[in-house]
Amino acid sequence: MVLRFGGADRFETSVLTTEAFTDFKGDHLEQVMIVSGYKWHDAVIAAPFDSPVLLTRRHEVPQATMDYLRRFDAPWPTIISTKAISPAVDQQLKDIGLEVMRIEGSDQFRTSVAVANFYGFVGQYKGRRTVILASGQVFADALVAGQLSARENLPILLTPPNSLHSAVREHLMSYDVQQVIIMGGTAAVSERVEESIENMGIRVLRFAGETRFETAVHTARVTRPLQCWRDGEGIAVGLTRAWVPYDAFSAAPMLARYGAPLLLTHPDELPQATMDYLDELRIAQAKCDDAPVKLIVIGGEAAVSQAALDAYLQRDAKVISADEQS
């Protein structure tokens, strides 16, 4: 079963994925996060708040975003910005009666810490107070961590690849963090950074593969066991293109509600690692019940082509058939 969330542009796609999240939440909406439609750093660090993440242009809120906000009774917008959103956006939101909060830093590293500090939480993963750490220069690793961040309320902090940022170090100490999940291999976040964290007495887990596709699959495997999640609803998994981040800027809260990890693909062909994991999901689901795996595609035809999906689904049917006959 394929569900696609793809609008005419990144702003409409954002609203479509946000509306799917709102369907889980019901008609009442207290808070929304507003981030730049062009800065991936700000989008990924907005993931943990169990709130819609909406996109804006630098000087103007897009019509699709404004229409969404007008549906609700005075939600509280929080703007997360690393020098990417002008005060004109604040004023436009105030003009429709909204009270605006703004969180920002001088760079992506300090903004990520400012967001975590403002909300003052550290979630737990496997019984330890945990944050997620990703490179502030590689979007893919942080993006695939979004659903775990949203599901477990784990802050996503950003650091330079070769040294632990001083603001991140201070946050780890101030909040008595016991465990850090590093996203990506040592080219993204170096062994030096890992050693710096361990020298603070903090346990380190690294979710990594040889490629961004394999990192996404590894993250899915360790955070989403191959088992039926909801009675009658089956297993869900997200899919978006690997080389452009903005399709999935708003997807993390919605995917978390589905219990769906995010996998990556080329627009015209699914990578082998992604297909292999999808095969595992479909085999596991076939052993649970008759409900199909929900493949939640984020982005339009240019992002993930229907031809690529059809080619995979035909291949996968043969895999499932062979497994059932064994």
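This is a short tour of a predicted model, stop by stop, with a note on what to select at each one.

**Before you start**

Residues are numbered from 1 along each chain as its sequence is written, and side-chain values use heavy atoms, with hydrogens and water left out. Because the model is predicted, local features need pLDDT of at least 70 and side-chain atom pairs count only at pLDDT 80 or more, while totals for chains, interfaces and linings use all residues.

Colour the chain by pLDDT, the predictor's confidence in each residue, from 0 to 100. The chain mean is 91, and 92% of the residues reach 70 or more. Now select residues 321-326, where the pLDDT is below 50. Beyond near neighbours in sequence, this stretch has 3 contacts in the model (a contact means heavy atoms within 4.5 Å). Where pLDDT is low, the predicted coordinates should not be read in detail.

**Stop 1: helix 2**

Select residues 40-44, which make up helix 2. Helices (H or I, at least four residues) and strands (E, at least two) are DSSP runs, numbered from the N terminus. Start with A43, a buried residue with a relative accessible area of 4%. Throughout the tour, buried means under 20% relative accessible area, exposed over 50%, and partly exposed in between, with a 1.4 Å probe and protein chains only.

Which residues does A43 contact, leaving aside neighbours within four places in sequence? Show V35 and F249, and you have them.

Setting aside neighbours within four places in sequence, H41 is in contact with Q108, G136 and L158.

**Stop 2: helix 3**

Move to residues 63-70, helix 3, and highlight its buried residues: T65, M66, Y68 and L69. They cover an arc of only 160 degrees around the axis, so they sit on the same side of helix 3. The arc is that of the directions from the helix axis to the C-beta atoms. An α-helix has 3.6 residues a turn, so residues three or four places apart point the same way.

**Stop 3: salt bridges**

How many salt bridges does a search of the whole structure find? There are 9, each one a side-chain nitrogen of Lys or Arg within 4 Å of a carboxyl oxygen of Asp or Glu.

- Select E19 and R71, whose closest N and O atoms are 3.3 Å apart. E19 lies in helix 1 (residues 10-25) and R71 in the loop between helix 3 and strand 4 (76-81), so this pair ties together parts 52 residues apart in sequence. E19 is partly exposed at 28%, and R71 is partly exposed at 47%.
- Select D50 and R257, with closest N and O atoms 2.8 Å apart. D50 is in the loop between helix 2 and strand 3 (53-56) and R257 in helix 11 (residues 251-258), so the parts tied together are 207 residues apart in sequence. D50 is partly exposed at 27%, as is R257 at 23%.
- Select D90, R102 and E104 to see a network of linked salt bridges.

**Stop 4: the cores**

A nonpolar core is a set of buried Ala, Val, Leu, Ile, Met, Phe, Trp, Tyr and Cys residues joined through side-chain atoms within 4.5 Å. The largest one has 53 residues, and those with the most contacts inside it are I80, I132, I181, M183, M254 and I296. Centre on I132: not counting residues up to four places away in sequence, I132 touches several residues, including A145, L148, I156, I181 and M183. A second, separate core has 21 residues, among them V217, L263, A284 and L309.

**Last stop: helix 13**

Finish in helix 13 (residues 306-325) by selecting Y312. Is Y312 buried or exposed? With a relative accessible area of 2%, Y312 is buried. Beyond residues up to four places away in sequence, Y312 touches L270, M275, L278, D279 and R282.
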